[in-house]
Amino acid sequence: MAYRPATTESAPVRWLLIGLACVILTLFLLLPLAAVFIEAFRRGWEVFSASLEEEAALSAIKLTLLAAAISVPLNTIFGLAAAWLVTKFRFKGRSFLLSLVDLPFAVSPVIAGLVFVLMFGAKGWFGPWLQENDIRIIFALPGIILATVFVTFPFVARELIPLMESQGNDQEEAAVTLGARGWQIFRHVTLPNIKWGLLYGVLLCNARAMGEFGAVSVVSGHIRGKTNTLPLHVEVLYNEYQFSAAFACAALLALLALVTLGLKTAVAHFTGHGSSRRH
């Protein structure tokens with residue numbers, strides 16, 4: 001079939017739009033990203049590696065990876081359950097549930113952090129009981145994980161819901177007629193059909209979990225070497241005018257983001273997934 005252009009603009013107009021897009025991408029994405037790596041290595045590899053091997057930096061890296069390692073599996077389970085429920089069943093409150101899934105996209109992460117402080121802080125709703133039982137949530141790892149889970153939980157669900165809706169229920173219904181049970185249907189029919197979309201959502205969720213700043217900043221308490229994640233550690237270093245160390249940690253975050261982007265692009269190219277996300 002011969003290619004038919006989607007628009008009828010003249011060649012100069014098309015090249016103008018392409019050039020404008022390239023200029024904007026260069027100014028607002030490529031140059032800032034390049035500047036991060038240039039500043040990180042300005043004083044040489046020794047300073048760069050020493051900045052990442054410092055005790056507070058190692059603690060921040062470990063805490064960032066730990067928060068992601070806990071929150072991403074939790075959100076994967078939630079995303080699978082929510083997508084299965086929304087796409088395979090019709091029930092009252094379905095639209096309300098979809099709105100709740102989208103809530104973290106609409107609420108500022110800082111507000112989310114404040115909500116957890118209101119609930120679990122020393123003067124919060126459950127604060128006195130938590131203190132009596134020597135349980136720490138705010139300014140500790142549990143609070144960081146709660147905040148990370150909140151801001152990242154829509155990613156897997158919102159990746160799977162459009163994909164599963166487009167696939168319909170025909171294969172699952174056929175499996176039921178053959179005597180398959182719920183878990184068997186999910187394992188042998190549904191999961192193979194959504195595995196690449198699931199991986200796509202997990203990658204996006206992981207990228208956001210490692211880069212989250214606002215909500216984690218509120219609940220962490222900024223305790224250096226204990227509750228500072230890598231994004232928070234970058235802010236601390238920058239405010240202390242330790243620019244080389246700050247840009248070294250920022251470069252590590254940027255590198256993680258680029259790796260995630262590369263994996264996401266590879267998945268999209270391999271599967272023709274493009275992106276099923278429709279926010």
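## Helix α8 against helix α10

The axes of α8 and helix α10 (residues 182-211) come within 7 Å of each other and cross at roughly 155 degrees. Axes here are lines fitted to C-alpha atoms, for helices over the stretch in contact, with angles running from 0 to 180 degrees between N-to-C directions. That makes α8 roughly antiparallel to α10; angles under 35 degrees count as roughly parallel, over 145 as roughly antiparallel, 65 to 115 as roughly perpendicular and the rest as oblique. The crossing is right-handed, meaning that the near helix is turned clockwise from the far one by less than a right angle.

On the α8 side, the contact (heavy atoms within 4.5 Å) is made by Phe-155, Val-156, Glu-159, Leu-160, Leu-163, Met-164 and Gln-167. The residues of α10 that take part include Ile-194, Leu-198, Tyr-200, Leu-204 and Arg-208. By class, this contact has eleven nonpolar, five polar and two charged residues. Ala, Val, Leu, Ile, Met, Phe, Trp, Tyr, Cys and Pro count as nonpolar, Asp, Glu, Lys and Arg as charged, and the others, Gly among them, as polar.

## What you're looking at

This is a predicted model, in which local features need pLDDT of at least 70 and side-chain atom pairs count only at pLDDT 80 or more, while totals for chains, interfaces and linings use all residues. Residues are numbered from 1 along each chain as its sequence is written, and side-chain values use heavy atoms, with hydrogens and water left out.

The chain has 13 helices and zero strands; helices (H or I, at least four residues) and strands (E, at least two) are DSSP runs, numbered from the N terminus. Its C-alpha trace spans about 65 × 60 × 30 Å along the principal axes. Of the 279 residues, 40% are buried, that is, under 20% relative accessible area with a 1.4 Å probe and protein chains only (exposed is over 50%, partly exposed in between). Take the contacts with a separation of 6 or more: 73% of them come from residues 24 or more positions apart.

## Helix α8 against helix α3

Helix α8 (residues 154-167) also meets helix α3 (residues 55-88), with axes that come within 8 Å and cross at roughly 30 degrees. That makes α3 roughly parallel to α8. This crossing, too, is right-handed.

Among the α3 residues in the contact are Phe-78, Leu-80, Trp-84 and Val-86, while α8 brings in Val-156, Ala-157, Leu-160, Ile-161, Met-164 and Glu-165. The residues of this contact divide into eleven nonpolar, four polar and two charged.

## Ser-59 and its partners

Ser-59 also belongs to α3, and at 18% relative accessibility it counts as buried. Which residues does Ser-59 contact, leaving aside its neighbours within four places in sequence? They are Gly-225 and Lys-226. A polar atom of the Ser-59 side chain lies 2.7 Å from the backbone oxygen of Gly-225.

## Asn-228 and helix α12

Asn-228 sits in the loop between α11 (214-220) and α12 (230-239). Is Asn-228 buried or exposed? With a relative accessible area of 2%, Asn-228 is buried. Leaving aside neighbours within four places in sequence, Asn-228 is in contact with Ala-60, Leu-63, His-222, Ile-223, His-233 and Val-236.

As for α12, seven of its ten residues are buried, so the helix is largely enclosed by the rest of the structure. The buried ones are Leu-230, Pro-231, Leu-232, His-233, Val-234, Val-236 and Leu-237. After α12 comes Tyr-241, with a positive phi near 65 degrees.

Key. A polar contact is a pair of N or O atoms within 3.5 Å; within protein, one must be able to donate a hydrogen and the other to accept it, and residues adjacent in sequence count only if both atoms are side-chain atoms.
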